[in-house]
Amino acid sequence: VLFPTVQFGIFFPIVLVLSWTLMPRPWLWKPFILLASYVFYAAASPVFCLLLGGVTVWNDGAARLIHRSQSERTRKQLCAGAVAGNLLALGVFKYYTFFVGGVAQVFTDVSLPPPLPLLTVALPVGISFFTFQAISYTVDVKRGLIEPARLIDTAVYLSFFPHLIAGPIVRAREFLPQLASPRDPEHVAASSGLMLIGMGLVKKVVIADYLGRAIVDPVFAVPGAYHGPDALLAAYAYTAQIYCDFSGYTDIAIGLALLLGFVFPQNFNSPYRATGFRDFWHRWHMTLSRFLRDFLYIPLGGNRGGRWRTYRNLMLTMILGGLWHGAAWTFVIWGAYNGGMLVSEHALGGWFGRRTPAWLRWFVTFHLVVLGWIIFRAQSVGVIWSFLARLASWGAPTLWTFPVLLAIGVAIVPQLLPPSPVEGLQDRLGRLQPVLIGAGLAVLVLFVAATVPSQGVAPFIYFRF
Amino acid sequence: MPNPNPNPKPKPKHADDNLMDRFDRAGTRRFTARQAIVAVLIGSVILALAAGTSIRKAGNEMNPGIGRDAVLAVGDPASWLAQRLPLRPAAHTLTAWLSPDVNLNGLPGFAAYTTTTTGTAGGIPVVTPNSFNPSQLGAPAPAKQRLHTLLVTGDSMSEPLDQYLAQSLLPNGVSVIQDPHIGTGISSTLLVNWGQLSAYQVRHDHPNAIVVFIGANDGYSMPGPDGRQVNCCNAQWAAIYANRVRQMMNTYRQDGVAHVYWLTLPTPRDPARASIARVVNAAIEVAAQPWADQVTVIDTVPTFTPNNSYRDSMTVNGTPTIVRESDGIHLNSAGSQLAAKLVLGYIDQNFIR
């Protein structure tokens with residue numbers, strides 16, 4: 001079930017009513033929300049409910065064993081084994097096809113048959129997210145930051161449907177305490193939740209999907225058919241599209257959770273306002289950034305061990321972070337590019353030093369981020385070069401239309417405005433009576449739905465990750 | 001029970017950058033769960049009354065199952081109510097201009113004859129000269145024309161084939177129109193009526209070559225001669241399907257001005273889908289018979305799934321290569337590149353590029 005679908009529109013109100021009805025009785029609420037989450041997941045891929053269940057039981061068992069163990073060495077080994085199990089699941093389902101394809105090529109080059117069967121493996125929806133959450137749970141137990149939870153709590157944590165498919169990556173230590181006692185029905189951020197849902201729908205359906213159809217998909221499909229101005233606009237359009245697509249999903253997820261009484265961590269904080277790559281990664285997909293920092297960069301040694309080790313750790317972290325996004329060389333290159341930018345920034349002590357005006361630092365950073373998105377969006381390495389070559393070719397623009405420019409502007413410009421007025425407006429709207437916002441949201445949905453083509457809403461970009 | 005863990009536990013610290021308390025500021029949590037429920041229910045009721053018919057339509061588009069039943073359980077009464085209230089027309093008037101779909105109103109859909117499954121009114125169908133490909137008769141091939149506009153269309157099967165064809169033909173100055181319609185099918189007219197859409201595409205784009213790759217979503221029941229639904233996939237269903245395909249082929253060939261290249265479906269992995277694909281492919285072959293000189297059926301089965309046996313990978317240019325997507329239906333990037341090569345080979349028989 002996708003969020004912006006009729007099916008979900010029927011599913012959610014039923015779950016909301018039953019959830020608050022059962023909330024005072026956790027022994028009923030927890031099985032109910034677990035069942036609802038598995039029904040939600042089954043609509044996308046019923047078979048993979050077993051995988052989700054397996055990951056839950058595996059990590060729950062591992063966390064218990066780690067907690068009971070007296071020896072630090074055993075705890076380390078158990079934790080490593082649990083993490084390896086999660087990575088194995090992720091590797092088999094997400095990277096097998098990519099891996100065997102590459103290996104087959106190498107073996108063929110030396111006239112040997114492929115050592116592994118060339119099979120396609122279906123990617124379970126959301127596997128990258130729930131395995132990372134499972135890892136965070138097990139490692140946090142090992143680190144002594146949390147106690148092992150009851151199996152049902154772990155299961156609810158990993159499968160809670162608002163974050164199950166595409167995050168945000170909620171840490172166990174953020175979520176499990178919220179399961180400890182029933183959510184308070186007298187204090188619900190209902191207006192904020194409804195506002196976020198409305199904003200997310202507009203971002204995803206109106207802006208992101210429109211830009212995809214109008215400019216991004218055609219230009220990235222055949223860059224050679226377009227000249228520099230159109231290619232440039234397509235790059236800006238994709239910059240706007242990916243933000244609206246992913247942050248739109250996150251807004252809806254956070255909004256749904258708020259209506260159910262739960263709070264998720266923030267995932268985006270005006271990322272295109274960043275004045276450096278470090279700043280960008282503190283604002284973009286924040287829950288992934290901190291996961292990579294806490295579970296990869298710091299365990300690799302972080303910035304302890306001198307300059308070169310820091311650079312190595314940054315590069316490794318970002319390359320693996322890139323690969324997390326998908327099994328393709330373009331993602332590896334994108335990760336390496338971001339790693340390279342972080343290393344350069346570190347080496348230079350910030351872009352051009354602190355004396356450089358903020359607007360120039362922003363301008364350079366923004367355009368380097370846009371360049372990164374070209375790599376990210378390209379279907380193959382060849383398309384990256386083809387696209388970059390087109391940027392340098394002059395010709396008459398054919399795709400510069402007012403709606404496209406407006407959509408890009410609406411996606412990007414508010415991030416550049418001072419946060420206070422924007423937040424102030426949100427706060428003021430958020431204080432309206434939820435009933436008013438509910439009715440307003442319905443009217444908004446009618447308008448949003450009218451922009452959906454007969455083929456339906458395009459899948460969220462991050463679903464395939 | 002005492003904690004057996006000997007390690008000192010640092011005090012659980014909530015992450016530095018999660019901003020979990022951001023909704024506590026400025027009294028945004030001042031509402032109750034009851035108010036949240038009322039707000040959501042009011043919104044749902046407004047939507048049901050204003051867009052009830054859309055809910056029912058969405059249900060009808062779904063595959064049979066619990067999900068469809070649940071949507072229709074809401075959609076049917078909502079649609080009934082919506083049709084009796086002024087909200088729906090008002091909402092339509094206010095929002096219709098936002099629709100990104102092309103307006104197919106006024107264009108002919110599938111003609112009445114497409115439901116026919118018997119001979120032509122007792123007569124014997126006439127064989128025309130167009131039924132023969134010149135090469136079958138040992139005759140010289142007609143002079144090649146210049147390819148100026150190629151339309152690549154279909155359902156999701158036509159992606160990314162359309163991109164590879166466009167990339168290949170770009171250096172030749174050929175205008176390639178990519179017009180995939182994801183999730184659609186010839187047997188279902190709920191999302192798109194391909195009878196109408198093909199007429200629109202021809203009028204709008206004037207292509208002199210058309211590549212069609214469609215059928216991944218087919219298998220829906222279609223109205224038969226007596227108006228009753230004919231379920232997939234007996235001979236009657238195949239005949240109705242073939243008639244629809246034939247109408248589209250006739251539209252695309254534009255009285256012989258254009259050449260149509262219609263790809264059959266490579267056998268899917270799922271046996272149920274494979275049996276539908278077999279019938280679809282047979283219908284395509286039959287549909288093309290009157291215009292063998294203008295419609296080329298490109299059979300993908302021998303290339304991708306010889307003997308209708310599904311396979312994920314095959315040898316391409318000497319290298320074992322995965323050519324299918326993990327859904328077992330679509331061609332992946334490498335498979336689509338191979339299909340594009342296949343199509344270009346046929347295009348080169350008829351056109352100069």
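Visitor: What is the area buried between chain B and chain A, and how much of that area do carbon and sulfur atoms give?

Guide: In this predicted model, the area buried between chain B and chain A is about 6400 Å², and carbon and sulfur atoms give 63% of that area. The contact involves 75 residues of chain B and 80 residues of chain A.

Visitor: How many salt bridges are counted between chain B and chain A, and how many does a search of the whole structure find?

Guide: Between chain B and chain A the count is 0, whereas the search over all chains finds 16 salt bridges.

Visitor: What makes the pair A:Asp153 and A:Lys30 a salt bridge?

Guide: The closest N and O atoms of A:Asp153 and A:Lys30 are 2.9 Å apart, and a salt bridge asks for a Lys or Arg side-chain nitrogen within 4 Å of a carboxyl oxygen of Asp or Glu, so the pair qualifies. A:Asp153 lies in helix H6 (residues 151–159) of chain A and A:Lys30 in helix H2 (residues 26–44) of chain A, so the bridge ties together parts that are 123 residues apart in sequence.

Visitor: Why are A:Asp153 and A:Lys30 called buried?

Guide: Buried means under 20% relative accessible area; A:Asp153 has 11% and is therefore buried, and A:Lys30, with 8%, is therefore buried as well.

Visitor: How do you know that A:Arg75 and A:Glu72 form a salt bridge, and where do these two residues lie?

Guide: Their side chains meet at 3.3 Å, N to O, and the cut-off is 4 Å, so the pair counts as a salt bridge. A:Arg75 and A:Glu72 both lie in helix H4 (residues 72–109) of chain A, 3 residues apart, which is about one turn of the helix. A network of salt bridges links A:Glu72 and A:Arg75 with A:Lys142.

Visitor: Why does A:Arg75 count as buried, and why does A:Glu72 count as partly exposed?

Guide: A:Arg75 has a relative accessible area of 1%, which is under 20%, so A:Arg75 is buried. A:Glu72 has 34% relative accessibility, which falls between the 20% limit for buried and the 50% limit for exposed, so A:Glu72 is partly exposed.

Visitor: What makes A:Arg293 and A:Asp294 a salt bridge, and is A:Asp294 buried or exposed?

Guide: The closest N and O atoms of A:Arg293 and A:Asp294 are 2.7 Å apart, which is within 4 Å, so the pair is a salt bridge. A:Asp294, at 12% relative accessibility, counts as buried, while A:Arg293, at 23%, counts as partly exposed.

Visitor: Which residues touch the most other members of the largest nonpolar core?

Guide: This core has 154 residues, and A:Ile215, A:Tyr272, A:Trp284, A:Trp373 and A:Tyr462 touch the most other members. Its largest share, 20 residues, comes from helix H10 (residues 228–259) of chain A. Leaving aside neighbours within four places in sequence, the contacts of A:Trp284 include A:Tyr272, A:Trp373 and A:Tyr462.

Visitor: How do you know that strands S2 and S4 of chain B are paired?

Guide: Strand S2 (residues 149–154) and strand S4 (residues 209–213) of chain B share 5 bridges in the parallel sense, and pairing asks for at least two, so the strands are paired. These strands belong to an open sheet of 5 strands in the order S3-S2-S4-S7-S8 (chain B).

Visitor: Why are S3 and S8 of chain B called edge strands?

Guide: Strand S3 (175–180) and strand S8 (295–298) of chain B each pair on one side only.

Definitions and conventions:
Residues are numbered from 1 along each chain as its sequence is written. Chains are lettered from A and ligands numbered from 1 in the order in which they are written. This is a predicted model: local features need pLDDT of at least 70, side-chain atom pairs count only at pLDDT 80 or more; totals for chains, interfaces and linings use all residues. Side-chain values use heavy atoms; hydrogens and water are left out. A nonpolar core is a set of buried Ala, Val, Leu, Ile, Met, Phe, Trp, Tyr and Cys residues joined through side-chain atoms within 4.5 Å. Buried means under 20% relative accessible area, exposed over 50%, partly exposed in between (1.4 Å probe, protein chains only). Helices (H or I, at least four residues) and strands (E, at least two) are DSSP runs, numbered from the N terminus. Contact means heavy atoms within 4.5 Å. Buried area is the accessible area (1.4 Å probe) that two parts lose on being put together, summed over both.
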